[in-house]
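Here's a quick walk through one model, from the overall fold down to a few loop residues. Have the structure open while you read.

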Amino acid sequence: MSILKQHRCPSRSLTHIPTSPRLHLVARLTCSATTTTTKPKSSQNQLVIEPRLETKPDSITPIIPSVGPPLSNDPSLQSTWSHRAWVASGCTTLFFSLAKTVTGAADTHMWFEPIVAGYVGYVLADLLSGVYHWGIDNYGDATTPIFGSQIEGFQGHHKWPWTITRRQFANNLHALARSITLTVLPIEIICNDPVIQGFVTVCAGCIMFSQQFHAWSHGTKSKLPPLVVALQDAGVLVSRSQHSAHHRPPYNSNYCIVSGVCNEFLDKNKVFEALEMIIFFKLGVRPRSWSEPGGEWIEEMDEAQSQVTVH
């Protein structure tokens, strides 16, 4: 009986096979030496490659969870009884403030001054909505005290602006209604001047309903009430065409969302750009509008609206 010498497996180069980042090809090499008791034969070195796929987490590429727009039945878009109670409270406060204005004007036979005061309140509400909108869009984040949730909401609005049209009425207005109730009610109790009451009523009313005016500016003309369309076309409420300019790059204009009457003046005179420069030089904080728009600003299409059914 002859015993063949043990052979070592010679080193061999393996051709690199490109794989995906998450899949690694593990090859197990098995070398065998053949023994025989009969006629001696030349040794046969066999190279056996057994491929095995091994899944490993990629430590380089971060896994980003997929986040999409809220569905139509999402609880975040639905009104609760708490929302409805605050909106009812806000509307009641405004109604009594208006009644006090009319009663005071009738008692003093003074109508012109309260009307002028109301118009001033209407313009100021538009301006305040623009200042607030500009601040929320450009500064802070979700962790900012008090305003964090609103900042996060407005960023989501830029990505999915059409979701505001699916938000229920009280859900859309309850936060502003709560603020108006707590602010206007003490003024209503203390003050009896019809001029002041006229100013407060119109200004507070426009601020409280500004989010509804905003929602209408994202609506389809055929689905809006005819009165709303007429007011938009007349410039009383912010129009769809005017506000759509705010949702186009560089996202730094047309911030006002009540009537939009202040937008032309603010944008033409670069008022917000001047404020941004002051804040930057004083505090060193850059506004988001100075940076290239990221993914959170790029609008995504409404898949439900984009589907066209052919009959």
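A residue counts as buried when its relative accessible area is under 20%. S259 comes in at 4% relative accessibility, so it counts as buried. Keep in mind that this is a predicted model.

**Overall fold**

Let's step back for a moment. The protein has eleven helices and two strands, and along the sequence the order is β-β-α-α-α-α-α-α-α-α-α-α-α. Of its 311 residues, 32% are buried. Take the contacts between residues at least 6 apart in sequence: 69% of them join residues at least 24 apart.

A polar atom of the S259 side chain lies 3.2 Å from the backbone nitrogen of V261. Leaving out residues up to four places away in sequence, S259 touches Y122, D126, G235, V236, L237, V238 and Q242.

The loop between α8 (240-244) and α9 (263-268) also holds N254. N254 has a relative accessibility of 12%, so this residue is buried too. Its side chain makes a polar contact with the side chain of S253, at 3.2 Å. Which residues does N254 touch, not counting those up to four places away in sequence? They are Q242, H243, A245, H246, N263 and D267.

For another loop, look between β2 (48-55) and α1 (81-108), where you'll find S79. S79 is at 13% relative accessibility and therefore counts as buried. Its side chain reaches the backbone nitrogen of N171 at 3.0 Å. Although S79 and Q168 are 89 residues apart along the chain, their C-alpha atoms are separated by 5.8 Å. With residues up to four places away set aside, S79 touches R84, Q168, F169, A170 and N171.

| Side chain | Partner | Distance |
|---|---|---|
| N254 | side chain of S253 | 3.2 Å |

**The largest pocket**

Rolling a probe the size of a water molecule over the atoms shows where empty space is left. The largest pocket holds about 1300 Å³ of space. It is lined by 41 residues, and the closest to its centre are Y132, Q150, F154, A175 and Q211.

Where does the lining of the largest pocket come from? At least two residues each are supplied by α2 (112-138), α3 (148-159), α4 (169-190), α5 (194-208) and α6 (210-217). The largest share belongs to α4, with eleven residues. Sorted by class, the lining has 19 nonpolar, 19 polar and three charged residues.

**A charged pair**

Side chains of opposite charge can pair when their charged atoms come close. How many salt bridges does a search of the whole structure find? The search turns up one. E273 forms a salt bridge with K270, and the closest N and O atoms are 4.0 Å apart. Are these two residues buried, exposed or in between? E273 has 35% relative accessibility, so it counts as partly exposed. K270 has a relative accessible area of 47%, which means that K270 is partly exposed as well.

Methods:
Residues are numbered from 1 along each chain as its sequence is written. This is a predicted model: local features need pLDDT of at least 70, side-chain atom pairs count only at pLDDT 80 or more; totals for chains, interfaces and linings use all residues. Side-chain values use heavy atoms; hydrogens and water are left out. Helices (H or I, at least four residues) and strands (E, at least two) are DSSP runs, numbered from the N terminus. Buried means under 20% relative accessible area, exposed over 50%, partly exposed in between (1.4 Å probe, protein chains only). A polar contact is a pair of N or O atoms within 3.5 Å; within protein, one must be able to donate a hydrogen and the other to accept it, and residues adjacent in sequence count only if both atoms are side-chain atoms. Contact means heavy atoms within 4.5 Å. On a 1 Å grid over the protein atoms alone, a cavity is a set of points where a 1.4 Å probe fits but cannot get out, and a pocket is an open set with protein on both sides within 12 Å along at least five of seven lines; lining residues have an atom within 4 Å of a point. Grid points are joined across faces, edges and corners, and a volume is the space filled by probe spheres set on the points. Ala, Val, Leu, Ile, Met, Phe, Trp, Tyr, Cys and Pro count as nonpolar, Asp, Glu, Lys and Arg as charged, and the others, Gly among them, as polar. A salt bridge is a side-chain nitrogen of Lys or Arg within 4 Å of a carboxyl oxygen of Asp or Glu.
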